[in-house]
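Subject: Model handover

Hi,

Here is the model you asked to look over. Please load it before reading on.

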Amino acid sequence: MQIDAHQHYWSISRNDYGWINKELPILYRDFLPQDYEIHLKKHNIDGTIVVQAAPTIEESEYLLELANLSDSILGVVGWLDLFTPSHKEHFDRFRKHKKFVGFRIMLQEMVDVSRVLEKPYLEALKYYASLDIPIDILVRENQLGVLNELLKEVPDLRGVIDHIGKPRIKEHLFEPWEFLMGEIAKHPKIYCKISGMVTEADHDHWDVEHFKPYIEQIIRIFGPERIMFGSDWPVCLLAASYDDVLGILNNTIPQSWVEENRSGLFGENARTFYKLR
């Protein structure tokens with residue numbers, strides 16, 4: 001089973017997406033399941049994990065509605081505000097939907113990321129860890145230190161790092177990203193998505209070789225069973241086509257490795273992590 005473990009849908013008229021505006025014309029339109037159909041067919045993809053792109057309960061509800069209408073949506077990663085007591089109420093409602101597979105915490109958007117170390121937030125994460133709920137983690141390189149502290153407090157968290165932790169690919173820098181991701185990978189229930197790299201590079205002048213050392217490091221520290229492919233479509237269109245994103249991965253991993261571990265990277269690991277039926 002081939003799965004794209006990270007992509008998005010949105011309808012601009014919903015006004016959920018403050019970060020998508022007319023200054024990003026390539027993204028400033030609706031992207032819906034029928035727009036993704038060409039990639040499903042061309043690359044023999046069986047289905048996708050659709051991830052929230054707005055920090056609202058309403059957008060999560062919208063994605064679950066889309067999932068009812070599309071067989072290609074295998075799972076929806078929604079959003080919860082863990083700083084509010086109502087998060088459990090929303091979670092209990094979402095989990096009744098057969099395609100709700102977890103939620104995403106957006107450290108990237110936090111002005112003071114250290115707030116995730118406050119007791120109420122940690123208690124919320126411990127609750128979801130006790131239920132073994134898959135949690136996507138959107139985090140930038142300069143926030144990985146705080147994430148490491150969080151994982152020490154919630155060591156049983158079932159999580160996946162989105163976009164390989166957003167290293168500074170454009171600047172060709174590896175530290176402290178390399179060290180901190182190595183520490184994160186020591187937690188056996190943490191996975192990593194090989195996704196979102198092109199938008200961290202120079203949008204107009206990237207080269208396949210720019211990504212190779214980052215991908216090699218992720219494979220080395222997480223191993224073949226805790227990594228998964230995600231296109232980050234349509235956000236990737238800011239810098240590359242869907243075919244380009246797949247090409248980067250296929251051209252940076254040794255063919256012998258791909259042949260042995262392809263099923264995990266391109267589907268089975270995502271199915272295991274998100275507990276897809």
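This is a predicted model: local features need pLDDT of at least 70, side-chain atom pairs count only at pLDDT 80 or more; totals for chains, interfaces and linings use all residues.

Residues are numbered from 1 along each chain as its sequence is written, and side-chain values use heavy atoms, with hydrogens and water left out.

Aromatic rings

There are 19 aromatic pairs. Rings of Phe, Tyr and Trp (its six-membered ring) pair if their centres lie within 6.5 Å; planes under 30 degrees apart are stacked, over 60 edge-to-face, the rest tilted. Tyr 9 and Trp 233 pair edge-to-face, at 6.3 Å centre to centre and 80° between the planes. This pair links distant parts of the chain, 224 residues apart. Tyr 9 is in the loop between β1 (3-7) and α1 (33-42), and Trp 233 in the loop between β8 (227-229) and α8 (242-252). Helices (H or I, at least four residues) and strands (E, at least two) are DSSP runs, numbered from the N terminus.

Trp 10 counts as buried because its relative accessibility is 0%. Phe 31 is buried at 0% too. One aromatic cluster includes Tyr 9, Trp 10, Phe 31 and Trp 233.

Charges over rings

Lys 88 lies over the face of Tyr 127, 4.1 Å from the ring centre. The charged end of Arg 115 sits over the ring of Phe 83, at 4.0 Å from its centre. The criterion is NZ of Lys or CZ of Arg within 6 Å of the ring centre and within 35 degrees of the ring normal.

Helix α6

In α6 (residues 177-184), the buried residues are Trp 177, Leu 180, Met 181, Gly 182 and Ile 184. Their cover includes α5 (144-153), β6 (159-161), β7 (190-194) and α7 (208-222), with contact meaning heavy atoms within 4.5 Å.

Methods. Buried means under 20% relative accessible area, exposed over 50%, partly exposed in between (1.4 Å probe, protein chains only).
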